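User: I would like to go through a protein model with you, one topic at a time. Could we start with the helices and then move on to the strands?

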Amino acid sequence: MSTKTAAFEMARGNALDLFVKTTLPHCEPIINRAISFHPQIRERVWATRVEWDPSLKRAAGQFQTANGIMLHPGLLAADRKHLVETFLHELAHAMQFYKYG
């Protein structure tokens, strides 16, 4: 199984903490820094679901209040930079929702 396939399988439908540890470990300090401004949302942020959603047609990612962060599996084949940027962008939407509703 390739590294990308393993990351896809391990991160499918898991909480953000497992996704970050298995797929984007270098993002953890960035996320913790962002949380430090609003520590009351820490638990909700790390419990956010992250899923690969091939049904996304016009977006690389999306945050849904009911389902968490949805990422297009095509990001696994793209430059790693695009995955990181899209993931952190969607996480920012999640954090904004957790803080302000």
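User: At roughly what angle do the axes of helix α2 and α5 cross?

Analyst: Please keep in mind that this is a predicted model. The axes of α2, which covers residues 16–23, and α5 cross at roughly 165° and come within 13 Å.

User: What does that angle make them, roughly parallel or roughly antiparallel?

Analyst: Angles over 145 degrees count as roughly antiparallel, and α2 and α5 are therefore roughly antiparallel to each other. Their crossing is left-handed.

User: Which residues meet there?

Analyst: From α2, the residues are L16, F19, V20 and T23, and they meet R80, L83, F87 and L91 in α5. Sorted by class, this contact has six nonpolar residues, one polar and one charged.

User: Now helix α3. How do the axes of α3 and α5 cross?

Analyst: Helix α3 spans residues 28–36 and α5 spans residues 80–100; their axes cross at roughly 20° and come within 12 Å. An angle under 35 degrees counts as roughly parallel, so α3 and α5 are roughly parallel to each other. This crossing is right-handed.

User: And which residues make that contact?

Analyst: On the α3 side they are I30, I31, A34 and I35, while α5 contributes F87, L88, L91 and M95. The contact of α3 with α5 has eight nonpolar residues, with no polar and no charged ones.

User: Let us change topic to the strands. How many bridges join β2 to β4, and which way do they run?

Analyst: Three bridges join β2 (residues 49–52) to β4 (residues 68–71), and these two strands run parallel. Within this pair, W52 stands opposite L71 of β4.

User: What about β3 and β4?

Analyst: Strand β3, residues 61–64, is joined to β4 by four bridges, and the two run antiparallel. Q64 has G68 in β4 as its bridge partner.

User: How many residues does the hairpin from β3 to β4 pass through?

Analyst: The hairpin joins β3 to β4 through three residues.

User: How far is L76 from T23, in sequence and in space?

Analyst: L76 and T23 are 53 residues apart in sequence, and the distance between them in space is 10.0 Å, C-alpha to C-alpha.

Conventions: Residues numbered from 1 in each chain as written. Predicted model: local features only at pLDDT ≥ 70, side-chain atom pairs only at ≥ 80, totals over all residues. Heavy atoms only, no water. Pairing = 2+ DSSP bridges. Axes fitted to C-alpha atoms, helices over the stretch in contact; angles between N-to-C directions. Parallel < 35°, antiparallel > 145°, perpendicular 65-115°, else oblique. Left-handed = near helix turned anticlockwise from the far one by under 90°. Contact = heavy atoms within 4.5 Å. Nonpolar A, V, L, I, M, F, W, Y, C, P; charged D, E, K, R; others polar.
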